Amino acid sequence: MRLVNIRPTRRNAVLLGLAPLLLLVLAYLIASASRHAINPADKILPTPAAMAAAMYSLVAVPDPLSGDLLFWADTAASLSRLGLGLGISTLSALIVGLVLGLIPGVRATFGPLVTIIAVIPPIALLPILFIIFGLGEAAKVALIVIGILPFMIRDIAAHVEALPAEQLVKAQTLGASSWQLALRVALPQAMPRLIQAVRLSLGPAWVFLISAEAIASDVGLGYRIFLVRRYLSMDIILPYVAWITLLAIVMDWALQQVSKRGFAWSHAR
Amino acid sequence: MNALLSLKNVWVEYGDKVVLERVDLDIAEHSFVSIIGPSGAGKSTLLRLLLGQEAPTRGRILLDGQPLKPECGPDRGVVFQRYSVFPHLDARHNVLFGLECAQAPLLGRLFGAARRRALAEADAMLVAVGLGDNGHVYPAQMSGGMQQRLAIAQALVKKPRLLLLDEPFGALDPGIRADMHVLISRLWREQGLTIAMVTHDIGEAFALGTRVLTLDKRRNDPHAPHRFGATAVYDIALDRKRATQIAGVSSITIDENDNN
């Protein structure tokens, strides 16, 4: 049988998908054990026990200075920044994208501006944001918004613009006003696309969040890993990276479920 | 002849390219006008004029004696070859859409008793096009024929003065096309519609129409072919044949509720 025609069953597909992950973990364990056999004080590839011990003090032991459980304080701070940035971006992208995509006059006026803003590297604007908003929460949220909003706007606007002309003409012959076109024709069809745009923006949003936290912050997942880097604390960095990965996967999965449940028609074919 | 729609000396030009020239046309109420012609003869342009998607360069278009606004409106319904149903709404709500637009300008949605009344109207229209059992089906799960039935129901629920069909059956299988011919003939008869249909299929044009218009260029300059536009070169009334054909159609047993 040809290779392209051999399809794994559902169960086998799960097992096949797990195999490289398990191999990676195994390779790490072997490498870690062999380094520790040579140098028991090795910090570069900490053993699982060392990671658990280091994380226990962050997860369950209050920090002597602030009295906080640092791991949870970091998670809460980062997620609230990320959530705020994503929320502002999503809502603005929906409204601006709809208007840009639907109304030719607005598109002609603001389309080029959005295109230009979209090509500015957001990190290059970070100093400006720090100058304008100070070093507080606003600058970090603003970096996320500036980083992902132009892409999302362009994506939604392009999607709305690409709705078949026949559909818009048809709606008008059924008596729809511009407002009703936006509300009943364009908005519901933009929603699944918006969720896709948010899913695609999650990666960049995390990048901007961690960058902003690394540069100026006193709490947050990105702040913590850049802080402990000075002490070569791989036993904290690695679990933090795993935790960030897990959060990102859960968010992506949740968004996909929302899209499938709420907009089943767009997953029909 | 009591003209529902009149075109008076209508020209359409794009730059120095003349697409339609000197089109004078009266379309009577309750007529079924088929529009045929070679590719590029301005059939679609004529339809866009009637639809209000574009305005004539010169000349006037009157609907019920009033000048036509160059914008689509609910007095003219349309069914395109494709993409004229909303993929995010099921069949019922596709039909309901037109009623909601008229009655709920701000929210675009009806509630309570008004909604129940409108839904009853939409359901009746779905039954009329043979989609009575498919109210909750989304267009993506429908065949091409069902989608066109839905598009027709959507348009007819607004009781348009003029129904425009742009190659509505061009993408369908021959068997389903025959079913659709029966459907549109029956609806035209029962609801007293006025229909203008653009088609590539000459057989279809003559089988359905009470009048066949052929668009083509009367004159041709080989050195500047774009300088002469098309106009109605043949205008054939089929009134007598029509009566016998309708009698013939209704005597054949046809499953009008099939879901092709």
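A salt bridge is taken here as a side-chain nitrogen of Lys or Arg within 4 Å of a carboxyl oxygen of Asp or Glu. The model is predicted, so that local features need pLDDT of at least 70 and side-chain atom pairs count only at pLDDT 80 or more, whereas totals for chains, interfaces and linings use all residues. Residues are numbered from 1 along each chain as its sequence is written, chains are lettered from A in the order in which they are written, and side-chain values use heavy atoms, with hydrogens and water left out.

**View 1. The interface of chain B and chain A.** Contact (heavy atoms within 4.5 Å) involves 36 residues of chain B and 21 residues of chain A. The two chains bury about 2400 Å² between them, 64% of it on carbon and sulfur atoms, where buried area is the accessible area (1.4 Å probe) that two parts lose on being put together, summed over both. On the side of chain B, Tyr83(B), His88(B) and Phe97(B) lose the most area to chain A, together 24% of what that side buries. Across this interface the rule finds one salt bridge, and the side chains of Glu100(B) and Arg184(A) meet in a salt bridge with an N to O distance of 2.6 Å. Strand E6 (76-79), helix H2 (91-103) and helix H4 (144-156) of chain B are the elements that give two or more residues to the side touching chain A; helices (H or I, at least four residues) and strands (E, at least two) are DSSP runs, numbered from the N terminus.

**View 2. Helix H7 of chain A and its cover.** In helix H7 (residues 165-173) of chain A, the buried residues are Gln167(A), Leu168(A), Val169(A), Lys170(A), Ala171(A) and Thr173(A), buried being under 20% relative accessible area, exposed over 50% and partly exposed in between (1.4 Å probe, protein chains only). Their cover includes helix H3 (70-102) and H8 of chain A, together with helix H1 (43-51), E6, H2 and H4 of chain B. After H7(A) comes Gly175(A), whose phi is positive, near 95 degrees.

**View 3. Asn94(B) in helix H2 of chain B.** Asn94(B) lies in helix H2 of chain B and, at 0% relative accessibility, counts as buried. Its side chain makes a polar contact of 3.1 Å with the side chain of Gln154(B). Leaving aside neighbours within four places in sequence, Asn94(B) is in contact with residues including Val85(B), Phe86(B), Pro139(B) and Gln154(B).

**View 4. The nonpolar cores.** A nonpolar core is a set of buried Ala, Val, Leu, Ile, Met, Phe, Trp, Tyr and Cys residues joined through side-chain atoms within 4.5 Å. The largest has 62 residues, and those with the most contacts inside it are Val160(A), Trp206(A), Tyr240(A) and Phe97(B). Helix H8 (residues 178-215) of chain A gives the largest share of this core, 15 residues. A second, separate core of 40 residues includes Leu131(B), Ile152(B), Met180(B) and Ile184(B).

View 5. Two strands pair if DSSP finds at least two bridges between them. Four bridges join E3(B) to the parallel strand E8 (residues 195-198) of chain B, in which Ile195(B) is the bridge partner of Phe32(B). E3(B) also pairs in the parallel sense with strand E9 (residues 211-217) of chain B over four bridges, and there Val33(B) stands opposite Arg211(B).

**View 6. Salt bridges within the chains.** The count over all chains comes to 20 salt bridges. The side chains of Asp252(A) and Arg199(A) meet in one at 2.9 Å, N to O; Asp252(A) lies in helix H10 (residues 234-262) and Arg199(A) in helix H8 of chain A, so the pair ties together parts that are 53 residues apart in sequence. Glu21(B) forms another with Arg219(B), the closest N and O atoms being 2.8 Å apart. Glu21(B) counts as buried at 2% relative accessibility, whereas Arg219(B), at 37%, counts as partly exposed.

Note on methods:
Polar contact = N/O pair within 3.5 Å; in protein donor to acceptor, adjacent residues only side chain to side chain.
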